[in-house]
Each structure stands twice: as structure tokens, then as C-alpha cells.
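Reader: I am new to this structure. Please show it to me, and then I will ask about it.

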Amino acid sequence: MATKKPVRRVAASRPSDTLMGNQDLRHKGDSTARKKGKCVTFWVTDEQKQAISAYAADHGMTVSRLIIEGLEMRMNRKSI
Amino acid sequence: MIISIINLKGGVGKTTTAIALATAAQRDGKDVEVYDTDPQSSASLWAMSAEESGDALPFPVIPANIATVRAAERKCKGDQAKWVVIDCPPNGHVMDEAMRVADMVIVPTTTGPADMVKAFETAETLSSRGIYYAILMTRTVARTLTLRQSLSELEERGASYFDAQIPNREALKNFFGNSFGDDLFGYEGVYEETKEGLEDGD
């Protein structure tokens with residue numbers, strides 16, 4: 001196998017006005033990593049909304065969590 | 001005078017440069033302090049270790065932050081007799097503050113492409129802000145293609161850089177935690193160029 005000769009690359013990106021502006025700080029540091037999600041919107045009736053909200057409040061959870069858990073339970077069942 | 005040692009890349013010799021340059025300045029009769037703004041506290045550890053072994057550094061090394069860097073600006077910016085050498089971390093807002101207050105910024109870098117990329121980014125930001133700076137080549141190995149390439153890259157980019165270089169020497173690494181002897185491993189030249197540059201700038 002032939003020896004590969006490296007090509008030296010020292011191209012700097014566009015400079016920032018501040019030194020810290022040159023550092024990539026997105027998703028760095030000690031922040032809690034959060035999975036990137038998608039926003040899903042759907043319609044329910046007023047009655048359904050009231051019922052979902054009341055159930056979530058009774059069980060100490062958010063409406064979003066209730067819906068996600070409900071969907072996961074449904075999809076994980078072999079038959080329903 | 002405030003001399004800030006900055007590179008956006010770590011491990012390029014910033015702390016060694018700060019301690020060696022401060023030593024050269026102190027030997028030339030300057031009233032010198034080193035400000036350690038790096039959370040890794042390497043300069044402070046260097047000083048503490050030297051003191052504990054009975055070989056104390058001939059100047060104080062002071063843990064510093066944005067507030068004390070600003071205070072240094074009021075106390076000694078532009079003062080030829082009093083030098084504050086600021087050893088910076090490779091990130092954090094204290095680095096920007098050290099850049100802002102500096103009479104001169106020294107940007108140490110090895111000849112490695114990863115270090116050079118960050119040195120050029122640092123230099124271009126300094127240049128765009130009109131801040132007096134010079135890149136310092138550290139751990140150089142004479143008569144190598146890498147060194148020649150690095151020097152021609154500095155020329156091509158019109159970067160400001162020291163004629164003096166710090167050759168790669170194992171002995172230099174072992175001076176951590178000790179005061180320097182007669183040999184400053186090339187930092188004598190760095191000090192002379194720094195001093196001349198600051199005097200010319202008056």
C-alpha cells in the first residue's frame with residue numbers, strides 16, 4: 001500500500017469581532033443535552049381537551065407527556 | 001504594559017511563554033506580575049510548586065479574572081516600567097477582556113496545522129480590532145518542511161510574527177515548577193522584540 005502524503009490545511013474561518021465569537025459554543029458546555037424534537041399539532045374537541053387536561057392534572061403530568069405515553073403504550077402493544 | 005498571551009487553541013505554550021517572558025522582563029529591571037486567568041491554573045501551580053521547593057519565581061503569579069484584568073488596565077496600561085503578563089485560557093470572556101486591555105497580544109502556536117488554524121483565527125480577530133499582536137512559533141524543529149511551510153503561511157497571510165522562535169527542547173518542559181536558569185530557551189529574543197515593539201509604539 002502506497003504511503004499517503006498529507007496535504008497541509010490551515011484555512012481559518014471568517015474572523016469574529018470577539019475571540020469568543022470564533023469558538024463553537026452551540027451544544028457545548030455543561031448544559032443538559034436535550035434531544036431535538038419535532039412539533040406536532042392536531043385538533044381535539046373542547047370536551048376532549050378538558051378531559052385530557054383534567055386527567056393530566058390528576059396524575060401530575062403534562063398534557064404532552066400524557067399524549068406521548070399514550071401513543072407509546074398503544075404502539076408497543078402487540079394487539080389492541 | 002499589559003501583555004496578554006492568547007490563542008484559541010490549548011496546549012500551544014501560553015503558560016510557558018507567560019512565565020519565561022515575565023522572567024526576562026524581571027531580569028531587565030521591570031516590575032512584573034503574571035495574572036493567571038486560566039481555570040486550569042497552570043501558572044499558579046507553577047509558582048506554588050516553585051515556592052514549595054525553595055526555588056520561587058522572581059515575580060508574583062496572581063489568580064485573576066475579568067474584574068482584576070480591568071483593574072490592571074487602570075494601573076499599568078502603557079507604563080513601560082510595570083509589566084502585567086496575562087496568561088489566558090483558550091476560551092471564556094476573560095480572554096476577550098485580556099485582548100481589549102492589552103498593549104500587546106502574543107499568540108503562541110506550534111507549527112501543527114490544528115494549532116496554526118486557531119492562531120490565524122486569533123490573529124485575524126486581533127488584526128480586525130486594530131490590536132498590536134505577534135504570533136510566536138513554539139516547539140519548532142529547525143530545517144524541517146513543516147517549519148518552512150508555517151513561516152511561508154505567516155508571510156502569505158501578512159501576519160505579524162516574531163523573528164525569535166522557541167525550539168522544541170525537552171529541558172524546557174521540565175522547568176514547570178521551577179524558576180528559569182540563565183537559559184531562557186529563546187524567550188530572551190521574544191522579550192527583546194516585545195520590548196522594542198512596545199517602545200516603538202509609544
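Reader: Leaving aside its neighbours within four places in sequence, which residues is B:Arg129 in contact with?

Author: This is a predicted model, where local features need pLDDT of at least 70, side-chain atom pairs count only at pLDDT 80 or more, and totals for chains, interfaces and linings use all residues. Residues are numbered from 1 along each chain as its sequence is written, chains are lettered from A and ligands numbered from 1 in the order written, and side-chain values use heavy atoms, without hydrogens and water. Contact means heavy atoms within 4.5 Å. By that rule, B:Arg129 touches A:Asp17, A:Thr18 and B:Met99.

Reader: Is B:Arg129 buried, partly exposed or exposed?

Author: Buried means under 20% relative accessible area, exposed over 50%, and partly exposed in between (1.4 Å probe, protein chains only). The relative accessibility of B:Arg129 is 37%, so the residue counts as partly exposed.

Reader: How far from a polar atom of the side chain of B:Arg129 does the backbone oxygen of A:Asp17 lie?

Author: Here a side chain of chain B meets the backbone of chain A.

Reader: How many residues of chain B are in contact with chain A?

Author: Both sides are counted by residue. Chain A brings 14 residues to the contact, and chain B brings 26.

Definitions and conventions:
Polar contact = N/O pair within 3.5 Å; in protein donor to acceptor, adjacent residues only side chain to side chain.
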